[in-house]
Amino acid sequence: MHNPFEILSFRAQVTPDFPAFFDGVSNLNFEQLHRTCVQASEKLAEAGIEPGQKVYLLLPENLAFITTMALFHRGAVSCLGLADADVPANPAFDWVISLQPDSDIQGVANISLGQEWFTAAGRNPASAPMQSYPTPDSVCRIIMTSGTTGQPKAVGLTPELIEQRLYRNHLVWGSATGNEINLMGHSSIGGFMGSIQLLQSGKPVILPANIDAFSKAITQFQVVSLLSSAMALFRLINAKALSPADLAGIREVRLAGSALTSGMVHRLKQECPAARIFNVYGSTEVGAVGMIQITHPDQVWKTAVVQPGAAAEVVDETDSPVPTGTEGIVRVRSSGMISGYMSGVADESFRDGWFYPGDRGLFRNGVLCLTGRESEVINLGGVKISPMDIESAAESVPALTDVAACQVEMPNNTEALALVYVAEAVVDIPQIAEVLKTRLPATQIPSQYFQLKEIPRNAMGKIKRRELSQMLSNSLKAQSPG
C-alpha cells in the first residue's frame, strides 16, 4: 500500500452505497465520502498545500477525519493536535488548518476550514488523481505521544506500517456483530487506526458532533460496540449524555490508553450490563500488543494476552528475561513498530529491536500483568512506592470518585507522599487514612491530602503526575508563612 487513501477508493468502488460517515451533520455513503474527500483535496491544492508537506490540524474530530483523508489524497502529511496545544516545533510543520480565521498561528500559515470553505470545495470536480507517497516507508501521518514521561515525541507512520498494523489489529478488533463508535480521539494512535480499520472493514466511521447526534447514531446505526479510553467514556456517562436505553444495546466495550481499575469495571457493568469488557494493551510506537476480557472487577490485574505478530518480555536491569511470576521491566515489539522517533536523536526506549514503554509487570498464567510505571515509581527516602497501589486502595472509599497519588515537595524542602481525590462533598480525611491503613503498609500511607474538582489527565486518561506534583508543591509553598 502506497497511500491509506487506497482503502477508501476501494470501498467507493466495491460498496459505494454502504454507509461510510456520520457526524449528525453529514450522512455519507462510501461514494459520497470519496467524492467529498477528493473535492477537499482539490481545495487544499488551491490553497497551496503540496505533496510531502506537513500539516497540523486543530479541528473537531469529524472535520479532522475528512481533512485527514483529503490530505492523504493530496500526498501530504497530517497530524491532529489538541485544541489547546501549541504547534510542535519538531517536526516543523508547513501549514496549520483550524477553525480560526486565516492568519499565522505561532508563525505557521493557517487555513480556516469554515462552512464557506466546504461549500466552495463542493463545487470542485473531484477529478484530481490521488498522489501516492514516494515510497511505502514515506511518512504520511504523525502521532504525538502522550508525553507523560517528558516532552511529547513525534511518531511517523508510513503506509507500510499502517498496512502491517491493520493486519494485526483484526486480532483486537470488535467481535460483536454491528457498528462501532470510536471515542479514542484521532490525535491518538487508537483513534486514528480505529477509523482506518472501520473503512477497511466497510463499516461507517461515526463521529458525533454533539450529544444529540451521539444518541441518534446509536439507534440509527445499531451501535453495539465502543472503543474508548476510560476517561472519555466516563466523561460521557457522568455527563448523563446517554440514557440507560442508549447503553442497553452495547454488547462490547474495548478500553485502551490507561490502566483499568476495579472501580471502573464495576461502574461499567452497572451502566452497560450486557457488554463484555476488554482491556487492550499497546502503544503509539508499537501498536496493539494484545488484549484480554475482564469479566469481574477483581480481574483488573490482567493486562493482555499477547497477540500473534507481537511479543512481550519481562526483563531485569541488565535486559535479561526473568522467570515467570517475577516482576521486572516490560519490553515489547511487533510487526509495524517504529524504530525511533522523528527527531532522529537516539532514544534508550528503543534497544536491540525492542521498545521499552516504561511499564513494570510480570507474566502470570500466560497473561501479561502490569504492576506500575518505571517512570512513575515514587522514591521517598530510598523507599520505592507504586502510586497505583495507593490509588487502588483509595478507590475502595465509596465517597471518592477519582484518585491519584504523587510525590510533593514540602515548604521545608522535604518530600512527602500525597493523595489527591475528587468527591461530590467534603470527605473526612482521617476516614480515608484509616481505610488506607487496612490495605497498605505504613510506608505507603500518604501524609498529605488534597481535594480537587478534577485530576489533570491527558487525552488518553493517564494522570499527568509530574504536572500534578508540581502544582501541589507550588500550592504548599504559597501557603507557607515563610
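Is cysteine 140 buried or exposed? At 0% relative accessibility, cysteine 140 is buried. Keep in mind that this is a predicted model.

**Cysteines**

Cysteine 272 is buried too, as the table shows.

| Cysteine | Relative accessible area | State |
|---|---|---|
| Cysteine 140 | 0% | buried |
| Cysteine 272 | 2% | buried |

What about disulfides? Searching the whole structure turns up 0 of them. For cysteine 140, the closest cysteine sulfur belongs to cysteine 79, and at 12 Å that is too far for a bond. The cut-off for a disulfide is a sulfur pair within 2.5 Å.

**Nonpolar cores**

The largest nonpolar core is made of 73 residues, and Leu33, Ile49, Phe65, Met69 and Ile97 have the most contacts inside it. Helix 3, spanning residues 61-74, gives this core its largest share, with 7 residues. Apart from that core there's another one, of 33 residues, including Ala217, Leu226, Leu255 and Val367.

Back to methionine 69: leaving aside residues up to four places away in sequence, methionine 69 touches Pro4, Phe5, Leu8, Cys37, Ile196 and Leu199.

Strand 1 (residues 19-22) and strand 11 run parallel, joined by 2 bridges. Opposite isoleucine 206 in strand 11 you'll find phenylalanine 22.

Key: Residues numbered from 1 in each chain as written. Predicted model: local features only at pLDDT ≥ 70, side-chain atom pairs only at ≥ 80, totals over all residues. Heavy atoms only, no water. Buried < 20%, exposed > 50% of the residue type's maximum accessible area, 1.4 Å probe, protein only. Core = buried A, V, L, I, M, F, W, Y, C linked by side-chain atoms within 4.5 Å. Helix = DSSP H or I, 4+ residues; strand = E, 2+ residues; numbered from the N terminus. Contact = heavy atoms within 4.5 Å. Pairing = 2+ DSSP bridges.
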